[in-house]
Amino acid sequence: MKTLAHILGEYPHEIIKGDSNLQVNNLHIDSRQVKDGDLFIAVKGSEADGHNYIEAALQNGAVAVVCETLPATLHEGIVYIQAANTAKAAGHLASNFYDNPSSKLKLVAITGTNGKTTTVMLMHQLFRKMGYNAGVLSTIENKINEEVIPTKLTTPDAITINRLMAEMVERKCTHCFMEASSHAIVQERIAGLAFDVALFSNISHDHLDYHGTFKDYINAKKQLFDQLSPSAHALVNADDRRSSVMLQNCKAKHHTFALKSMADFKGKLIANTFEGLLMEIDSKEVWFRLIGDFNAYNLLGVYAAAILLGEPSDDVLTVLSEIKPAPGRFDQIVSPNQVRGIVDYAHTPDALENVLSTIQGLRVPGERIITIVGCGGNRDKTKRPVMAKTAANMSDLVFITSDNPRFEKPDDIIDDMMEGISPADTRRVMKITDRKEAIKMACTMAQPNDIILIAGKGHETYQEVEGVRHPFDDRALLKEFLA
């Protein structure tokens, strides 16, 4: 329990009615979670406006309300606080309520189109193996040390983030590694957090359904770097031509990593095989268990971030060489007749091209690439034909199928994808709406030494249809059909 004055702190606000010495039990942005003695923050979301639920929050026992626009009726005994941006306020108020937990952790944020989850999970594994208590906030799961807390969002809401970090502090964690998605950044879910390192991996075509333009998408990523303090570190992939944008007007210390360009942290890819990577980092040759050029960047970024956090170079490289890839990232299964199946989360044109380019570079003459790919419903439609075209250009056989159709008709999504298929490629492309059937057909048609790529869902163990998540696991099906 905290006083309202303590929770509000120095964040710009105006108390319209009531006493700031009021004791508050908890904070909520969801009126359904409000209980007696709680503070309700009315946030304008992309799908719902919390201002429409102020009355519901009061009926559930809220004693104070933070809002941008005051309701028509102000009830006796209720404290009303007005703020210009309640989404941003939620982060700052939550931080105050939980005694600023991010300032008590070494907090690292990873943003970019591809590689966020892998980088976050690698960093968590690295620091755990080096003996630290550490937390993680990722697409796959939230973790406090090894305890898993499942999540549906890339980044939870601001209150949940601070609550989890407060628990990390209580459990003696010294580090926290989190994905910072473009949605979370523009929705102010990371407002009020004190970052030690922000890492930019890359940026390519994605989420234009939400951001509208590619420029807005880039600027969303940049907002993370704009809020860094002078004592923080901004670390960017110099091989991505838009990395310099992230550093414009960034007050933090600037650092770069690269495989091809001049950089503060320079790496070189020596060998790339289905078993792993051989790289040179800081003039040392190291073998890693991850695969592909894209993972060379992930590993180099993790190494650079760890050095900026004060870890010894030799220790970092030794432990990184022992770490396995994150679930659903280039997951491999080899059948008794040597058909190689790969499950990967690649769900953007750039990520799909990276994975297929890696496979092309590793296969030997005569080995076919069979790709199964779909696109999510109620998401960026402009990438659908590009995804299909990429798969067709870089595969010998392609199955266009469902991903997570959500509230769209799967066949409509597939039709959008097929617009990217040229007449010359149609004979190598099959449409199978049922994803399970597509996987089964690909496994049936595969010949010894062929390579099957199932792209798009990776670690997910569900398929979302009409708002319902049905059990579905690409990895389990691949193993079953290749057995």
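Q: How many nonpolar, polar and charged residues are in the lining of the second largest pocket?
A: This is a predicted model, with residues numbered from 1 along each chain as its sequence is written, in which local features need pLDDT of at least 70, side-chain atom pairs count only at pLDDT 80 or more, and totals for chains, interfaces and linings use all residues. Side-chain values use heavy atoms, leaving out hydrogens and water. Ala, Val, Leu, Ile, Met, Phe, Trp, Tyr, Cys and Pro count as nonpolar, Asp, Glu, Lys and Arg as charged, and the others, Gly among them, as polar. By these classes the lining of the second largest pocket has four nonpolar, eight polar and two charged residues.

Q: Which residues of the lining lie nearest the centre of the second largest pocket?
A: On a 1 Å grid over the protein atoms alone, a pocket is an open set of points where a 1.4 Å probe fits, with protein on both sides within 12 Å along at least five of seven lines, and lining residues have an atom within 4 Å of a point. The second largest pocket has 14 such residues. Those nearest its centre are His 92, Ala 191, Gly 192, Leu 193 and Gln 227.

Q: Which helix gives the most to this lining?
A: Helices (H or I, at least four residues) and strands (E, at least two) are DSSP runs, numbered from the N terminus. With three residues, the one that gives the most to the lining of the second largest pocket is helix 3 (residues 86–97).

Q: What is the bridge partner of Ile 333 in strand 20?
A: Strand 19 (residues 331–334) and strand 20 (residues 340–344) run antiparallel and are joined by four bridges. They form a hairpin with five residues between them. Within this pair, Ile 333 has as its partner Gly 341.

Q: What is the bridge partner of Val 398 in strand 23?
A: Strand 22 (residues 397–400) and strand 23 run parallel, with three bridges joining them. In strand 23, the partner of Val 398 is Val 429.

Q: At what angle do the axes of helix 12 and helix 13 cross?
A: Axes are lines fitted to C-alpha atoms, for helices over the stretch in contact (heavy atoms within 4.5 Å), and angles run from 0 to 180 degrees between N-to-C directions. Helix 12 and helix 13 are therefore roughly parallel, a term for angles under 35 degrees. Their axes come within 9 Å and cross at roughly 10°.

Definitions and conventions. Parallel < 35°, antiparallel > 145°, perpendicular 65-115°, else oblique. Pairing = 2+ DSSP bridges.
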